Amino acid sequence: MSNSYEQIFENNRKWVESKISQDQDFFTNLAATQTPEYLYIGCSDSRATAEELMGAKPGEVFVTRNIANVVNTLDMSSTSVIQYAVEHLKVKHIIVCGHYNCGGVKAAMTPQDLGLLNPWLRNIRDVYRIHQAELDSIEDEHKRYDRLVELNVQEQCINVIKMACVQERYITENFPIVHGWVFDLRTGKLIDLEIDFENILKDIQKIYDLTNSDWMMRNK
Ligand SMILES: [Zn+2]
């Protein structure tokens, strides 16, 4: 895309034309309602888009993005998005998608004061602490960085599952299913980490369970 600001509106005009040429009612239908099956929680990184890499159309994915795809209980933005997606849109799947070469994860691996970013990046430093033994055993710095990207996705998935609205909907409907993905910028491939929630939650579910029911999150 050209750097020209005006080019954006030119692109939009062409996009509208092409959509209408394929389907005259495209925008009438788009304006009517949304019934997305997917909630996508991704990184703000300009290279790790949501819809484009999934081949999804407008209306198919509810999206929130922030630095390093963090789900923090005190962040009203991501928690409101999850609550709305689960209770009102009744999404079937919640995806946390990280990406290799994530600047946020890299910054969290580096000991430095980044001012206002410190509290946000501490979420990722805490992921490092939880998985310190595994991460410190990886000698290659690039591999350690890749692994922290994956473990950060895993921990943010667990943070999604800690939410009462997710647990309650799951018990009654058997969804939303939570998925952890990584987008590999180097190849363009989307990788399903196939996180074994059953195993991971085995010891900690009693701490985070907010219901009176027996339940176990599947990953499929
Ligand atoms: Zn990132």
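Student: Is D45 buried, exposed or partly exposed?
Tutor: D45 counts as partly exposed because 19 C-beta neighbours lie inside 10 Å. By definition, a residue is buried if 20 or more other C-beta atoms lie within 10 Å of its own, exposed if 12 or fewer, and partly exposed in between, with C-beta atoms placed from the backbone. This is a predicted model: local features need pLDDT of at least 70, side-chain atom pairs count only at pLDDT 80 or more, and totals for chains, interfaces and linings use all residues. Residues are numbered from 1 along each chain as its sequence is written.

Student: Where is D45?
Tutor: D45 sits in the loop between strand 1 (38–43) and helix 3 (51–54). Helices (H or I, at least four residues) and strands (E, at least two) are DSSP runs, numbered from the N terminus.

Student: Which residues is D45 in contact with?
Tutor: Leaving aside neighbours within four places in sequence, D45 is in contact with H99, C102 and G103. Contact here requires the C-beta atoms of two residues, placed from the backbone, to lie within 7 Å.

Student: Which residues does the UniProt annotation "binding site" cover?
Tutor: According to the unreviewed UniProt entry, that annotation covers C43, D45, H99 and C102. They span 60 residues in sequence, yet no two of their C-alpha atoms are more than 8.8 Å apart, so they gather at one spot. UniProt positions are given in the numbering used here, feature names are shortened, and annotations may be inferred rather than shown by experiment.

Student: And C102, buried or exposed?
Tutor: C102 counts as buried, because it has 27 C-beta neighbours inside 10 Å. Its place is the loop between strand 3 (93–99) and helix 5 (103–108). Beyond four places in sequence, C102 is in contact with C43, D45, A68 and V149.

Student: What is the phi of A68?
Tutor: Phi of A68 is near 65°, a positive value in a residue other than glycine. A68 lies in the loop between strand 2 (61–66) and helix 4 (76–87).

Student: Changing topic, how many residues are in the largest nonpolar core?
Tutor: That core has 44 residues, and those with the most contacts inside it include I95 and C157. Helix 8 (residues 141–161) gives the most to this core, with eight residues. A nonpolar core is a set of buried Ala, Val, Leu, Ile, Met, Phe, Trp, Tyr and Cys residues joined through C-beta atoms within 7 Å.

Student: Which two residues does the cis peptide bond join?
Tutor: The cis peptide bond joins F175 and P176, with omega about 5°.
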